[in-house]
Amino acid sequence: MPSSVPSSIDGWWCSPNTEYAFLGFSYEVTACQSISKLNSDFADIKNTFGSRYVRLYGACDRDGFYDDIVSAAWTTGLGVHALIWFGFDGGDQWMTRRDSLVSSLTNNPKAKFVTRGVQFGSEPLFDDVLPHSQLAAEVTSLKSKLSGVGIPVTVSELAYGYQERGGAQDVLDAIDFINIHMLPFFSALATFGAAAWPLVKTDMNWFIEHGNGKKMYFDENGWPSVTSPGVQPNTILAQCSVANEEGYFSMLDSHCEDLKLGPQGGIGWFAHIYSDDQEPGYGIYDDAGNKKFPFKPRTSC
């Protein structure tokens with residue numbers, strides 16, 4: 001990063017056409033990590049795996065926390081997919097989170113140089129937190145608030161979340177790019193992680209058909225190594241194990257050339273999630289901080 005903050009983001013980001021293959025990790029912030037922990041994790045994400053981005057998941061409501069994210073991202077040279085988290089309790093705390101994030105993005109001079117985009121919710125359609133027309137209006141309003149700092153807005157969602165709302169084309173039309181939850185373990189047709197490409201392709205093609213050529217990312221994207229109360233299969237044939245988690249990511253990596261054919265230079269993907277201590281079973285690292293399997297996917301092909 002430059003020694004001083006540039007005056008403009010013009011020409012700052014690489015073209016989205018170069019963003020395909022492995023891009024980085026989902027990273028849960030519910031633990032309200034310290035700045036030193038953010039710095040060490042972000043450095044590992046960048047240097048060990050060649051990541052470009054972290055995609056935030058969950059919420060930390062500590063004052064100034066997103067400024068710590070910005071600081072760690074600036075220090076390590078990572079971009080961030082920020083998140084307005086609705087949660088699961090049906091409250092209106094998301095409004096405070098939205099306003100706090102907007103304040104940081106518009107007042108912290110470094111924020112626009114590390115924030116690649118803002119996710120307005122993680123599965124807000126699937127979780128039915130707002131009617132899709134209201135969500136689309138919120139996205140449009142947020143885009144207006146962030147236009148001065150040039151930060152685009154998306155929604156992080158399952159294909160099924162759109163489909164069960166009649167396609168929610170108003171949301172797809174409102175967002176600037178498409179962040180896709182790709183979690184084929186939950187499909188009624190799931191078997192092995194390594195065999196999930198047809199399931200990935202089905203959802204991917206739905207978004208290509210309805211996404212008006214917008215850039216696409218698989219951001220909440222993975223296969224669990226264990227089940228847990230919130231992670232249960234929808235068929236007895238779905239296998240979860242470390243080998244199946246590894247098999248899923250190896251399969252995605254092997255389809256780099258296919259993903260590269262997606263809109264605007266190809267589809268990039270994140271691994272969900274950085275560590276099992278953030279979400280049991282989905283981590284690349286286990287609870288003890290050891291890699292569960294060799295993980296070095298291609299960042300280009």
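**Ground rules.** The model is predicted, so I took local features only at pLDDT of at least 70 and side-chain atom pairs only at pLDDT 80 or more, while totals for chains, interfaces and linings use all residues. Residues are numbered from 1 along each chain as its sequence is written, and side-chain values use heavy atoms, with hydrogens and water left out.

**Disulfide search.** I searched the whole structure for disulfides (pairs of cysteine sulfur atoms within 2.5 Å). The search returned two. Counting bonded cysteines along the chain, I get the pattern 1-2, 3-4.

**C32 and C60.** I find the sulfur atoms of this disulfide 2.1 Å apart. The torsion about the S-S bond of C32 and C60 is about 110°, so I note a right-handed disulfide. The pair links distant parts of the chain, 28 residues apart: C32 is in the loop between β1 (21-28) and α1 (35-47), and C60 is in the loop between β2 (53-57) and α2 (65-76). Helices here are DSSP runs (H or I, at least four residues), as are strands (E, at least two), numbered from the N terminus. For accessibility I use relative accessible area with a 1.4 Å probe and protein chains only: buried is under 20%, exposed is over 50%, and partly exposed is in between. C32 is partly exposed at 25%, whereas C60 is buried at 13%.

**C256 and C301.** The sulfur atoms of this disulfide are 2.2 Å apart. The S-S torsion of C256 and C301 is about -90°, so I log the disulfide as left-handed. C256 lies in helix α10 (residues 256-259) and C301 in the segment after β8 (268-271), 45 residues apart. C256 is buried at 3%, and C301 is partly exposed at 29%.

**Other cysteines.** Which cysteine sulfur is nearest to that of C14, which is in no disulfide? I find that of C256, 16 Å away. C14 is partly exposed at 48%. I also looked up C240, which is partly exposed at 26%.

**Helix α2.** I count twelve residues in α2, reaching 17 Å from the first C-alpha to the last. That is close to the 16 Å expected at 1.5 Å a residue, where the expected span is 1.5 Å times one less than the number of residues. The buried residues of α2 include F65, Y66, I69, V70 and W74. After α2 comes G77, with a positive phi near 80°.
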